[in-house]
Amino acid sequence: MKTITISETPKHVGETVKIGVWLTDKRSSGKIAFLQLRDGTGFFQGIIRKNDVSEEIFEMSKHDLHQETSFYVTGEVHEDTRSKFGYEIQISDIEMVGQSDEYPIGNKEHGIDFLLDNRHLWLRSRKPWALMRIRSRVKLASMEFFDKHGFTQFDAPELTGSAPEGTTELFETDYFDRSAYLSQSGQLYEEAGAMALGRVYSMGPTFRAEKSKTRRHLMEFWMIEPEMAWMHQEESLEIQEQYIAYLVQDLIDNCATELEIAGRSIESLKPFTELPYPRITYKKAIEMLQEAGMDAKFGDDFGSPEETFLADQFQKPVFITNYPKEIKAFYMPIDPEDDRQVICADLLAPEGYGEIIGGSERAIDNEYLAKKLAENNLSMENYGWYEDLRKYGTVPHCGFGMGLERFLAWITLQDHIRENIPFPRMLNRLNP
Ligand code: 4AD
Ligand code: MG
């Protein structure tokens, strides 16, 4: 007899199969028991009738199967028109594998702290299951997108000697007789990669020692960082919007069940597949904020209320371009149109989710970079190699970083990005 998974049951209607499962819930009345089952690939129902199984098995199903008990079920696959999934199994035998008694997470409401303390178990529940599948799909679709657009995957180191996004948010660690820092961004290395391979991207964990407790910040998050040689900002924005639209369409096509469990309707996602996304300058954004009576002036960084207001005006992701240089990173080039600002763009997600992408053109003038490094107290010792990229055949280039969990929280409508990563690292949480 064939051992299959729940996801494969539609191909086995009428056949007797064996599946390894965990129990999520159980209901029994007299001569029949309904077992709610999961196996990692999906969820469905098993039915045990007293007359179909031995006395011993029927008694076991009543007394020994508890939430998260693991066992093999054998039985015939049937269509089940009453359930969403559409299939169920009529059980003829059960083989116990692992007992589970008094599983801490019940089918009732629990507080978030309790759930996060039990994250290693909570991951088995339906919503985390859906969120993890969506996350996995987005990483796969990202690889597909960049492959189709001529990018080479290029891994940046996680242990670094430098700080691309500012020296205040670094996790420092011993590195033999000196210090190393956990990577804040792979960007500078991607720039080296772009000069070697043209278009590259990295996808990996990123660390920020930000003492912020907002629903948009993690200490460890994943970033997808493409870098493109021979490119100016307008073309980079086109790639960015195509990338986001591609991810959304891919989820619509491949994760309908998971999106529904997460509480996100397909209909509400469709507008985000329509391009282009609006672009407004930072200056225009300031005007819009002022017109709405908000307290904003040139030079201010946007907080969550400002970002939410701006994105709400469009009901779509919106690019805010060319921010003041004071609030952006050292590697961004001055805008020739107004030297108070740099050539960069943030992509703000609608529905209150704020910045999901930060990107820019890259300064290629070494004199300018040397000045910026000095201003930012960044040492030549660590950045000499970065200047070499300009010294030897520099070209215009652009790149951006998408925060994976920020994107996911938006798509799955989570209040906080912590549920979009398997084991979130937060200000007060390093376990499990
Ligand atoms: O805007 P950021 O800091 O940009 C960079 O690091 C660039 N070097 C990227 C590049 O051009 N290659 O970060 C990029 C994105 C943000 O837009 C946000 O989505 C996410 O990373 N992000 C965070 N996500 C979760 N928790 C945090 N603490 C984050 N900080 C940034
Ligand atoms: Mg940013």
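## Basis

In this predicted model, local features need pLDDT of at least 70 and side-chain atom pairs count only at pLDDT 80 or more, while totals for chains, interfaces and linings use all residues. Residues are numbered from 1 along each chain as its sequence is written, and side-chain values use heavy atoms, with hydrogens and water left out.

## Strand 4

Strand 4 (residues 43-49) has 6 of its 7 residues buried; buried means under 20% relative accessible area, exposed over 50%, and partly exposed in between (1.4 Å probe, protein chains only). Strands (E, at least two residues) and helices (H or I, at least four) are DSSP runs, numbered from the N terminus.

Two strands pair if DSSP finds at least two bridges between them. Strand 3 (residues 32-38) runs antiparallel to strand 4, joined by 7 bridges, and Leu 35 has Gly 46 as its bridge partner. The hairpin of these strands has 4 residues between them, and Gly 40 takes a positive phi near 95 degrees. Strand 6 (residues 87-98) runs parallel to strand 4, with 3 bridges; Gln 45 stands opposite Glu 88 there.

## Salt bridges

The count is 26 salt bridges, each a side-chain nitrogen of Lys or Arg within 4 Å of a carboxyl oxygen of Asp or Glu.

Glu 234 forms a salt bridge with Arg 279, with the closest N and O atoms 3.4 Å apart. Glu 234 lies in helix 6 and Arg 279 in strand 13 (residues 279-281), so the pair ties together parts 45 residues apart in sequence. Glu 234 is partly exposed at 42%, and Arg 279 is partly exposed at 28%.

Key. Chains lettered and ligands numbered in written order.
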